[in-house]
Structure formats: C-alpha cells, structure tokens
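Hello,

Here is the structure I said I would hand over. Please look at the model first and then read the notes below.

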Amino acid sequence: MSRFLNQQYQSLEAYTPGEQPRDMQYIKLNTNESPYPPAPSVVEAMTGEQVELLRLYSDPTAKGLKDKLAGLYGVKPENVFISNGSDEVLNFAFMAFGGNGAVFPDISYGFYEVYADLYAINAEKIPLESDFSIDYRKYCGKNKLVVIANPNAPTGMTIPVWQIEEIVKSNPDSLVLIDEAYVDFGGETCLPLIGTYDNLLVTRTYSKSRCLAGGRLGYAFGSPAVIADLEKIKYSTNPYNINRLTLLLGEKTVEAESYYQEKCREIEATRAWTTQQLAGLGFTVLPSKANFIFVKTDQMDGGELYKKLKEKGILVRHFTNPRICQFNRVTIGTKQQMQTLIDTVKEVLYENQ
Ligand SMILES: *Cc1c(COP(=O)(O)O)cnc(C)c1O
C-alpha cells in the first residue's frame, strides 16, 4: 500500500477471483466458464475489418445490443442496461441503491460483501438455513437493498419466483436485486415481474451460459427509472464501458440463441450424470440448477481433496469459510472432462485410504 491511498480504502479487502494459473494445462473446473466455444457465427464475426474499426469509440448507448436483448426477452429497450460483465452492474447497483444498507445471504457470491465495503454500506448477512436454502421471509420488509443470487452461488440452489415476488412486494421503498448469472441452466427467471414492480433489478451475464467470460459482457433488466439511474452512474464513470468488439459479439450471440440453448441442455445432462456418479462414490451433492455442483465427502477433508485434485491436473474451487470448507465447487465441463474428474476422484479416495 502506498501512503497516498485514501484512508477509507486502507482496510478494504478486495475480491479474490478463482485462480487462473499459467503453470500447466489444467482441466479447469474452478470458475464456472463454459467448456464450449462461442457459436461459429460469433467467432466468424471477429474480422480484421472489425478490429480496424477499434480506432472509433464504441456506441455508448449500446442501442444495437439493447434492441436485440429486448426482442429476445420480450421487454422494452428502456428496461435494459448493458455492463462490462455483470460485476459492473452489481458495482453500480451497490453505489446507486445501497444508501439504506444492504442485505444478502452469508453464503453467496463473495463480491457482494466487497461492494458493500467499498461504498461503506452497512451489510446485514442472513445465514442460509441448515440445508443451505434461503428462507425468503427473512428478507421481507427489510427496506434495504436486498441482493440474492438465484440460483445461489456457490450452492447452486434456487428460490421460487413467488418467494422473490413476496420479497419485492414487501420492500416497496428499496431495490431488490436478483442476480441471475446462472439462470440459464434450468432455473426460473423472475424477469416477468419487472412489468409489475418498479423496485426489481435482474442481472445477467454472458460469462457462463454465453461462453464469453473473456469478452466481459453483462446486462440487467429493470424499470425505466432504475435503468436511467444506472445510466447516470455509467455516464459519470465510463460512458464507453463496452468495447466495440464485445458489443458486436453480444449481438451475434443473441442471433445464435438456439446454439446456446443446446449447450445449456448439454451442461444440464452432464450435471445430472456427474451428480449421480459422485453420489455413487458417497458424496453429498447439493441440488444444483447452475453450471456447477457443490459437493463434499466424509471420506476426505475438503481442502485436502482440492489439493490432491490440483496435483493431478484438475482445478476446482475451494472456499475457506468454515461453514463450507468441507465442500468444493465443481464447474460442469464436457462429458469427457467430467469422466476424467470422476476417475481422478476415485484415484484420490483410493490413495487416501
Ligand atoms: C460469475 C458471476 C457474476 C459475474 O460475472 P461477470 O463475469 O462479471 O459477468 C455475477 N454473479 C454471480 C453470482 C456469478 O457467479
């Protein structure tokens, strides 16, 4: 730390992204990326001509992409915000709507806590129930920024849309943010509620189901007034927040919707297969609607399993929080990658005996 850093940031603990090691070729099941490439039409859109156009600024209104997403999801372009990854819209939302404090589950996406710290927002963390579910009643009538990932991370578990509606209804004077980063893998979206409630913001990302984590593209749906607030923050920080190439790929991705639907169904099938295999080996696997599963076994310490898998070339995500330190979060890869995972887990358990 330099001696110039503002006092308010000196104790800030930054978010720790999942490791992206360069030392060897791992089977990478630790950051919930897609194992599949973007659709061929998306890849082909990246021409030399497009790269040359980088001399010009990108469209700060992102109109082309907003129109496409609005068409795909049956909303108006005024209901859509485009962001540099969904982390950016989460950042803006905490900045803009966290004035009365924020509330989120104790086990959820780790970034929520960092944003709360960054903006000196008083954060209330509500423990998940003993089965890792969310009791929606505990989020009703809070009158603070409510943030819930649905499906939740790293559990993969969902809460039904009618319970989200109860939360939204009971907090009319504060925003409810539902992070739908993983909704495309079998979850149920609460998007239709934005027509009825002006205090709901739904965030999405291209990083998981759209095979574009490195492109950094996210979006959000909300009432026109809430979207206008987010635009105000964006134009006060970085108007050209999305680069030209990413905007183009984002539009092409919408046009290739059926390719991505197919890949999501493949992930779901592989998730079911992997769950069954691990259960057969005596693992506890939480019921997941995401592109990852959260697993533990009584036969081996969670941190130890993580280490042994890494030594054998498979990266999964381990968290040190005592409540979940026996678990590992495993991204669903291709069927072949998951077969290798199962074989390697068997090997590790055998060597551990
Ligand atoms: C991955 C993830 C995000 C952010 O993804 P971006 O790459 O910034 O779009 C947001 N929320 C949750 C719960 C995630 O897991």
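**Helix packing and other findings**

Helices (H or I, at least four residues) and strands (E, at least two) are DSSP runs numbered from the N terminus. H4 covers residues 85-97 and H5 residues 111-118; their axes come within 9 Å and cross at roughly 40°. Axes here are lines fitted to C-alpha atoms, for helices over the stretch in contact, with angles from 0 to 180 degrees between N-to-C directions. H4 is therefore oblique to H5 (under 35 degrees counts as roughly parallel, over 145 as roughly antiparallel, 65 to 115 as roughly perpendicular, and the rest as oblique). On the H4 side the contact (heavy atoms within 4.5 Å) is made by Asp87, Leu90, Asn91 and Phe94, and on the H5 side by Phe111, Tyr112, Tyr115, Ala116 and Leu118. Seven of these residues are nonpolar, one is polar and one is charged (Ala, Val, Leu, Ile, Met, Phe, Trp, Tyr, Cys and Pro count as nonpolar, Asp, Glu, Lys and Arg as charged, and the others, Gly among them, as polar).

H4 also packs against H7 (residues 224-235), at an angle of about 100° and with the axes 10 Å apart. H4 and H7 are therefore roughly perpendicular to each other. Val89, Phe92, Ala93, Met95, Ala96 and Phe97 of H4 make this contact with Val226, Asp229, Leu230, Ile233 and Lys234 of H7. The classes are nine nonpolar, no polar and two charged residues.

A further pair is H10 (residues 302-311) and H11 (residues 335-352), packed at about 115° with axes 10 Å apart. The crossing of H10 and H11 is right-handed. Leu305, Lys308 and Leu309 of H10 meet Leu341, Thr344, Val345 and Val348 of H11. This contact has five nonpolar residues, one polar and one charged.

Next, the ligand. The residues around it (a heavy atom within 4 Å) are Gly85, Ser86, Asp87, Tyr109, Asp179, Ala181, Tyr182, Thr205, Ser207, Lys208 and Arg216. For polar contacts, the cut-off is a pair of N or O atoms within 3.5 Å. A backbone N or O atom of Ser86 is 2.6 Å from a ligand oxygen atom, and a polar side-chain atom of Tyr182 is 2.5 Å from an oxygen atom of the ligand. In Asp179, an N or O atom of the side chain lies 2.6 Å from a ligand nitrogen atom.

Last, the backbone. Most residues other than glycine have a negative phi, and most peptide bonds are trans. Asn150 and Pro151 are joined by a cis peptide bond with omega about 0°. Another cis peptide bond, with omega about 5°, joins Ala153 and Pro154. Pro151 is in the loop between strand E5 (145-149) and helix H6 (161-170), and Pro154 lies in the loop between E5 and H6 as well. Phe132 has a positive phi, near 70°; its place is in the loop between strand E4 (123-126) and E5.

Residues are numbered from 1 along each chain as its sequence is written, and side-chain values use heavy atoms, with hydrogens and water left out. As the model is a predicted one, local features need pLDDT of at least 70 and side-chain atom pairs count only at pLDDT 80 or more, while totals for chains, interfaces and linings use all residues.

Regards

Terms used: A polar contact is a pair of N or O atoms within 3.5 Å; within protein, one must be able to donate a hydrogen and the other to accept it, and residues adjacent in sequence count only if both atoms are side-chain atoms. A crossing is left-handed if the near helix is turned anticlockwise from the far one by less than a right angle, and right-handed if clockwise.
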